[in-house]
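Take a moment to look over the sequence and the model.

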Amino acid sequence: MANDNKIFDFGEKLGDSVKDRNFGVRTMPQKERWQHMNRAYDSFMDLANALGFSPSSIAMGGRLAICFGSRGHGGKATAHYEPGRNVINLTRKYGAGSLAHEWFHALDYSLGGDAATKDCQG
């Protein structure tokens, strides 16, 4: 894949601030993992640029994790945010283009603090 050095940029610019990166072990071939990481890197950098944030701050101070095709259950969602774990999951086939939408769910939850936590727990 062209421009694989983005992966190293991801680790250097975002990796220390993204608390975890995870892939569907049985469902995602290694080549696709690189592609998803490259797309996520581009999306994070575009989002940081659009919001005027530094690349390292886009991961919310190391509290945000990102998963690719590893936390869904075959439903119709292209991506989802898990507030209890502070994880964005992008589906293997249809998650591209959903990162900013899910990131704003994370921001909304983060700004809501305890009130959001109680609401999400029922």
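Leaving aside its neighbours within four places in sequence, which residues is F104 in contact with? Keep in mind that this is a predicted model. F104 touches L47 and L51.

Now place F104 itself. F104 sits in helix α3, which covers residues 99-120. Is F104 buried, partly exposed or exposed? Its relative accessible area is 39%. Buried means under 20% and exposed means over 50%, with partly exposed in between. F104 therefore counts as partly exposed. F104 and Y81 lie 23 residues apart in sequence. In space, their C-alpha atoms are 9.4 Å apart.

F104 also belongs to a group on the surface. Together with L51 and F53, F104 forms a nonpolar patch there. The accessible area of these three residues together is about 250 Å².

Next, turn to helix α2. Helix α2 runs over residues 30-51 and has 22 residues. From its first C-alpha to its last, helix α2 reaches 32 Å. That is close to the 32 Å expected at 1.5 Å a residue. Just after α2 comes G52, with a positive phi of about 75 degrees.

Which residues of α2 are buried? Among them are H36, M37, A40, Y41, F44, L47 and A48. The buried set also includes E32, R33, Q35 and N38. Here is a general point about helices. An α-helix has 3.6 residues a turn, so residues three or four places apart point the same way.

Charged side chains come next. How many salt bridges are there? The count comes to 2. In one, R92 pairs with E32, and their closest N and O atoms are 2.6 Å apart. This pair links distant parts of the chain. R92 lies in the loop between β4 (87-90) and α3, while E32 is in helix α2. The two are 60 residues apart. R92 has a relative accessible area of 30%, so R92 is partly exposed.

In another salt bridge, the side chains of R85 and E82 meet, with 3.5 Å from N to O. Where do these two stand on exposure? R85 has 52% relative accessibility, so R85 counts as exposed. E82 has 14%, so E82 counts as buried.

Terms used. Residues are numbered from 1 along each chain as its sequence is written. This is a predicted model: local features need pLDDT of at least 70, side-chain atom pairs count only at pLDDT 80 or more; totals for chains, interfaces and linings use all residues. Side-chain values use heavy atoms; hydrogens and water are left out. Patches are made of residues with over 30% relative accessible area and no salt bridge: like charges are joined within 9 Å, nonpolar side chains (Val, Leu, Ile, Met, Phe, Trp, Tyr) within 5 Å. Accessible areas come from the Shrake-Rupley method with a 1.4 Å probe; for residues, only the protein chains shown count as cover. A salt bridge is a side-chain nitrogen of Lys or Arg within 4 Å of a carboxyl oxygen of Asp or Glu. Helices (H or I, at least four residues) and strands (E, at least two) are DSSP runs, numbered from the N terminus. Buried means under 20% relative accessible area, exposed over 50%, partly exposed in between (1.4 Å probe, protein chains only). The expected span of a helix is 1.5 Å times one less than its number of residues. Contact means heavy atoms within 4.5 Å.
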